[in-house]
Amino acid sequence: MKKKLYLVLIILLSWLTVPFIGKRDFKRFYPAAIFMCLYVLIEGFIAEKNKWWTIKERLHPKLSGELPLILGPFFAGSIWILKLTYGMYILLNTVVDAFFAYPFYTWFKKIGIWKLLRFSQLKLFMLFLMKSIFMYVFHLAFVDKKMLSAAVVGFRNYFNKSRMNEREERG
């Protein structure tokens, strides 16, 4: 029962920070956070099938063991990281991912909630880092249309200039 209380507290403490994000930033970044949550849920099914890790304590036997992390720190944390680090995203996310892969995992293992099986902490860290890059790319490509528009215009200008240079060279 004490372990389930930890899981519930992880969700609640994460959500208690959400009002401080601000309505505008929440609306801007929540699609990327939802994408990340769905990705982590699918990853959890793959991890369970391949025995990368095991989650011993669940909120409910029929629910995914990752659910407390997905509903709490992954959702709220994704929004916070995108809000606070726009521009320094990879650096801060590397620090946060290292925290999850090392001290946070060690604590969860110690209290008997989560245990890596066919996965090392380094692989876990790399997996977290890969997910953070996916989320950032998703946000830039599908949500932050200004960045996508600027990239398209930049590519278009580059190719138009190269075509004009070719025409000038041909004479």
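Which element gives the largest share of the lining of the largest pocket? That share, 8 residues, comes from H3. Before going further, a note on the model: this is a prediction, in which local features need pLDDT of at least 70, side-chain atom pairs count only at pLDDT 80 or more, and totals for chains, interfaces and linings use all residues. Residues are numbered from 1 along each chain as its sequence is written, and side-chain values use heavy atoms, with hydrogens and water left out.

**The pocket**

The largest pocket holds about 450 Å³ of space. Its lining has 23 residues, and Pro73, Gly77, Ile81, Val96 and Phe100 are the closest to the pocket's centre. Two or more lining residues come from each of H1, helix H2 (23-50), helix H3 (67-85), helix H4 (89-111) and helix H5 (121-143). Helices (H or I, at least four residues) and strands (E, at least two) are DSSP runs, numbered from the N terminus.

A pocket here is an open set of points on a 1 Å grid over the protein atoms alone, with protein on both sides within 12 Å along at least five of seven lines; a cavity is a set where a 1.4 Å probe fits but cannot get out, and lining residues have an atom within 4 Å of a point. Grid points are joined across faces, edges and corners, and a volume is the space filled by probe spheres set on them.

**The cavities**

The structure also holds 2 cavities of 30 Å³ or more. In the largest cavity, Glu66, Leu69, Phe74, Trp114 and Phe128 lie nearest the centre, among 13 lining residues. H5 gives the most to this lining, with 3 residues. The second largest cavity is lined by residues including Leu7, Ile55, Leu69 and Trp114.

| Space | Volume | Lining by class |
|---|---|---|
| Largest pocket | about 450 Å³ | 15 nonpolar, 6 polar, 2 charged |
| Largest cavity | about 100 Å³ | 10 nonpolar, no polar, 3 charged |
| Second largest cavity | about 50 Å³ | 7 nonpolar, 1 polar, 1 charged |

For these classes, Ala, Val, Leu, Ile, Met, Phe, Trp, Tyr, Cys and Pro count as nonpolar, Asp, Glu, Lys and Arg as charged, and the others, Gly among them, as polar.

**Helix H1 and the surface**

Now to the outside. Leucine 13 sits in helix H1 (residues 2-16). Leucine 13 is exposed, with a relative accessible area of 54%; exposed means over 50%, buried under 20%, and partly exposed in between (1.4 Å probe, protein chains only).
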